[in-house]
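Have a look at the model first.

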Amino acid sequence: GYQRRVRERVLLCTRNHTAQQMVISLLKRYVADVDVIDSAARIIPQLKEAKAEQKNYSILFLDYSLPEVHASHTLFKEIRASEGRGKLVSFLFAPAKIVKEKTEWLNEAKKFGLNAVISKPIKQSKFLEVVREAVSGSQLNEQPKKKSEAAAPVAAPALKVLVVDDNKVNRQSAIRMIERLGYQSSSAENGSEAVEAFEMGAWSLILMDCEMPVKDGFQATREIRKIEETEFRKRTPIVALTAHAFAEDQQKCFDSGMDDYLAKPMKLKEIQDKLAKWIPATKSE
């Protein structure tokens, strides 16, 4: 019969909430426990603590956007020194632009123990392919499946909607309705988190609140459009969530780069109509 393998331990270092959700979600079906830290300064202590407890990490994910990571190669040297002959496999998340422009820096990092670079925005199939290749299938083991499912190809990526709203009740309500319609969803609490989420992942549509602290929806939309332009990414539909139905408010949404608007409070039928309008692909079953 099937003998359960020991669960592998994964350490994820990023301040990006979307990256945290994404990695945990993608590795859920694998025999892997994911620990999350938001500071590169905590990596070495965390690795040492795990080693002392004889619960070594197998995989490390690092985010290039952390200053301690992209400032120099020191961190990679320290990780290698800390691990010795350990079997830690390390990955770096980096924007596609950085992957193209910083090849020398990345090659140098690989000399000091970096195994592979995962380009943002992260696509599910590509993520799993890179991880599997780097660990050579010896560490990241999928949960057992029925024989009929064993050779099934990776499913087409589900249509994903990002909900951006500083009101927790509104976010939860929107997510419930979106998932009820058969789409995957994730959320961000402000415009700054929305831009982070956009940099990290590929989205079918973004529902963007206009008035938010930290960074409002108009500024976030302008930054998202700039990223699309500089990284040659296809345009993602952005639908404004607004409590105001005046023509000037609608125009402000369009001027910032939004494509459409939805009045609050949202209703299921209205969300369904907007998703059908802006996501032409047939929903994944």
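This is a predicted model: local features need pLDDT of at least 70, side-chain atom pairs count only at pLDDT 80 or more; totals for chains, interfaces and linings use all residues.

Lys277 is exposed, at 53% relative accessible area (exposed means over 50%, buried under 20% and partly exposed in between, with a 1.4 Å probe and protein chains only). Residues are numbered from 1 along each chain as its sequence is written, and side-chain values use heavy atoms, with hydrogens and water left out.

**Salt bridges**

- The count comes to 15 salt bridges, each being a side-chain nitrogen of Lys or Arg within 4 Å of a carboxyl oxygen of Asp or Glu.
- In the Lys277–Asp260 pair, the closest N and O atoms are 3.0 Å apart. The pair links distant parts of the chain, with Lys277 in helix H13 and Asp260 in strand E10, 17 residues apart. Helices (H or I, at least four residues) and strands (E, at least two) are DSSP runs, numbered from the N terminus.
- Asp63 and Lys120 form a salt bridge at 3.2 Å, N to O. Asp63 belongs to strand E3 (residues 59-63) and Lys120 to strand E5 (residues 114-120), so this pair ties together parts 57 residues apart in sequence. Asp63 and Lys120 are both buried.
- Lys269 and Asp273 meet at 2.8 Å, N to O. Both sit in helix H13, 4 residues apart, or about one turn of the helix. Lys269 is exposed at 52%, while Asp273 is partly exposed at 39%.
- Shared partners join Arg225, Glu228, Arg235 and Asp259 into one salt-bridge network.

**The sheet**

- Five strands make an open, parallel sheet in the order E7-E6-E8-E9-E10; strands pair if DSSP finds at least two bridges between them.
- E7 (184-188) and E10 (260-263) are the edge strands, each with a single partner, so one side of each has no neighbour in the sheet.
- Neighbouring strands are turned by 25° against each other on average, direction ignored. Axes are lines fitted to C-alpha atoms, for helices over the stretch in contact, and angles run from 0 to 180 degrees between N-to-C directions.
- E6 (residues 160-164) and E7 run parallel and are joined by 5 bridges, with Lys160 partnered by Gln184 in E7.

**Helices across the sheet**

- Helix H9 (residues 168-180) lies across E6, E7 and E8 (205-209), at about 165° to E7; contact means heavy atoms within 4.5 Å.
- Helix H13 (residues 268-278) lies across E6, E8, E9 (238-242) and E10, running at about 170° to E10.
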